[in-house]
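The sequence and structure come first.

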Amino acid sequence: MNVAKSGYRVFSANSTAASTELAKKITERLGVDLGKSVVYQESNRETRVDVKESVRGQTIFIIQTVPRDVNTAIMELLVMAYALKTSCAKNIIGVIPYFPYSKQCKMRKRGSIVCKLLASMLAKAGLTHIITMDLHQKEIQGFFSFPVDNLRASPFLLQYIQEEVPDYRNAIIVAKSPSAAKRAQSYAERLRLGLAVMHGEAQCSESDMADGRHSPPCVRNTSGHPGLELPSGSKQQAPFPGIELPIMMAKEKPPITVVGDVGGRIAIIVDDIIDDVEDFVAAAEILKERGAYKIYIMATHGLLSADAPRLIEESAIDEVVVTNTVPHEVQKLQCPKIKTVDVSMILAEAIRRIHNGESMAYLFRNITVDD
Amino acid sequence: MPNIKIFSGSSHPDLGQKISDRLGLELGKVVTKKFSNQETCVEIGESVRGEDVYIVQSGCGEINDNLMELLIMINACKIASASRVTAVIPCFPYARQDKKDKGFFDIPVDNLYAEPAVLKWIKENINEWKNCTIVSPDAGGAKRVTSIADRLNVDFALIHKERKKANEVDRMVLVGDVKDRVAILVDDMADTCGTICHAADKLVSAGATKVYAILTHGIFSGPAITRINNACFEAVVVTNTIPQEDKMKHCSKIQVIDISMILAEAIRRTHNGESVSYLFSHVPL
């Protein structure tokens, strides 16, 4: 007996036209229509989602890109997911190419691990599966109680390098900081190019600040009697007198250095997110001084906040290549150095394979361990 | 009071300050900011280990941002080993899309009423209150209005929409008498103010001498302020669940009832394990 497989629908939970561009491209490739829904903000700024067709018993894919207004995008996704769950959709799969709050995934001094909070909220709203791209930290997958497919944009960026960078065989892949070295190395391996690593930043980046708590508090015992005698009446006594803890030495930041030779080469800096560009601009300056004659930046997610376009335009960077996971039309208008690579193909293919129950291994065939 | 901390989100810091002043406490130190990519970042500035934490955040302004900030603050307090975290949400967002009923929450909910504060304001500010009529601008608010009218021992009226034919505009019909009386419109929230402005016109043409509007939550989005300025209200009174300073600059008819003492008393009673139901019919001093 031929049982017809229940169909799938693709919805977009974004409210602005710029954000729904990617969803339109994906549905074109799949050959389906975008599901009919209306998402908007009321005059009192509450989000409203109306799903205009029946979704009973169907598999639903919600495509959500994250534009400037992050919290509104999250709310739109949650409201739509919950609306679909209460309308008896069978599976709700979130396609969230750039996963927001992924930089707030570590415990900071009395902060919140927002990424975990977001994962719990998405599960509660009714999502059963997530497709995303180039998660900032792969360990974020562990925050979820359901499957997470972390696709990679690197094949597209590698293809761009091979096709669009003239004389790419004379290039060298550069990691802007030691934490990006693993990713840079995987690019260098696949292109058979050299690697350089930059070290020593002028200011330490906010999101990588380690947990600043000390336990127990370091108090120097100045009374000169380590051991049994407690300093009387003072509130600032060491909890366990006699145990002298070495005070943590502040890390000294050396001036920026480049490990590796970039003289007479094209420098290609690779990273997953390009947001505040001050670090990139400073790195480009140094690379130019060391002899690189062209500087490219390849990043998966082009957030390009604040006045990034202006800073890039005025800097030594020749080209910034990002994918269309994050809408950045406005930034492109302000800065012609920004180029876009379309990744809708891999997202559409992932949707197709998940719906048909096929293996996703093909999409990961060209990925190294460190990517 | 030991072991209690009060934090205020960025939606209504003034109310947070008033509440903590009434309780004789300092507001807890917290830094809320946004990164350049618009992601919210929250850092609690003091120890909350083992404390009873109250977070004051109202659902107003940029609702999604404020909601996210509240969730992140609650999460941060829980991870920092607070013994209990209570959210104080004077104006609960998304309340018109779902019913804000107790049964929808898995955790205890205390829904306080502004009614005692409203009654007090009426008695202190409207001279002719003994001979007024309390009016509901729609049929749904009848219960609220009759409760107030009973406590003041005055009459009530209501306005309901009548649809003659399918495509015809709703007609507003006044049920009750307001001739030669002061009419007081009472409702829970005012957003674009279309309904209450129509209601005010109706009441004046039915013979009311003065029209007041008393609303718990003054959202006032879109054309609301213009509509109020053009309508025939003596005064539009709201509580300070939502910050009103900006709106008062553009409209002299808006007056504010301070409800910080009700919230402060609720917090005090919850912290001490006392009953909160006293507040349903009394305004603390």
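Where is the place of B:Ile219 in chain B? B:Ile219 sits in the loop between β10 (210–218) and α6 (224–230) of chain B.

## Basis

This is a predicted model, in which local features need pLDDT of at least 70 and side-chain atom pairs count only at pLDDT 80 or more, while totals for chains, interfaces and linings use all residues. Residues are numbered from 1 along each chain as its sequence is written, chains are lettered from A and ligands numbered from 1 in the order in which they are written, and side-chain values use heavy atoms, with hydrogens and water left out. Helices (H or I, at least four residues) and strands (E, at least two) are DSSP runs, numbered from the N terminus.

B:Ile219 counts as buried because its relative accessibility is 17%. Buried means under 20% relative accessible area, exposed over 50%, and partly exposed in between (1.4 Å probe, protein chains only).

With neighbours within four places in sequence left aside, B:Ile219 is in contact with A:Asn44, B:Met189, B:Ala190, B:Asp191, B:Ile242 and B:Lys247. Contact means heavy atoms within 4.5 Å.

## Domains of chain B

Chain B is divided into domain 1 (4–94) and domain 2 (114–161 + 171–258); such bounds come from an automatic or database domain assignment. Domain 1 of chain B gives 10 residues to the contact and domain 2 of chain B gives seven residues. The centres of the two domains, taken over C-alpha atoms, are 32 Å apart.

Domain 1 of chain B and domain 2 of chain B bury about 690 Å² between them, 59% of it on carbon and sulfur atoms. Buried area is the accessible area (1.4 Å probe) that two parts lose on being put together, summed over both. The count between these domains is one salt bridge, a salt bridge being a side-chain nitrogen of Lys or Arg within 4 Å of a carboxyl oxygen of Asp or Glu. B:Arg22 and B:Asp258 form a salt bridge, with their closest N and O atoms 3.3 Å apart.

## Interface of chains A and B

The contact takes 37 residues from chain A and 38 residues from chain B. About 3100 Å² is buried between the chains, 49% of it on carbon and sulfur atoms. On the chain A side, A:Glu46, A:Asn71 and A:Arg110 lose the most area to chain B, together 21% of what that side buries.

One salt bridge is found across the interface of chain A and chain B. B:Glu62 and A:Arg45 meet in a salt bridge through their side chains (2.8 Å, N to O).

Chain A has nine helices and 14 strands. Of its 371 residues, 49% are buried. Residues 24 or more positions apart account for 68% of the contacts in chain A with a separation of 6 or more.

The count of salt bridges over all chains is 25. One of them joins A:Asp342 and A:Arg29 (3.3 Å, N to O). A:Asp342 lies in the loop between β14 (338–341) and α9 (344–356) of chain A and A:Arg29 in helix α1 (residues 21–30) of chain A, so the pair ties together parts 313 residues apart in sequence. A:Asp342 is partly exposed at 27% relative accessibility, and A:Arg29 is partly exposed at 46%.

## A network in chain B

B:Lys29 forms a salt bridge with B:Glu46, the closest N and O atoms being 3.8 Å apart. B:Lys29 lies in the loop between α1 (13–23) and β2 (30–34) of chain B, and B:Glu46 in the loop between β3 (40–44) and β4 (52–56) of chain B, 17 residues apart. B:Lys29 is exposed, with a relative accessible area of 55%, whereas B:Glu46 is buried, at 18%. Salt bridges that share partners join B:Lys5, B:Lys29, B:Glu46 and B:Glu51 into one network.
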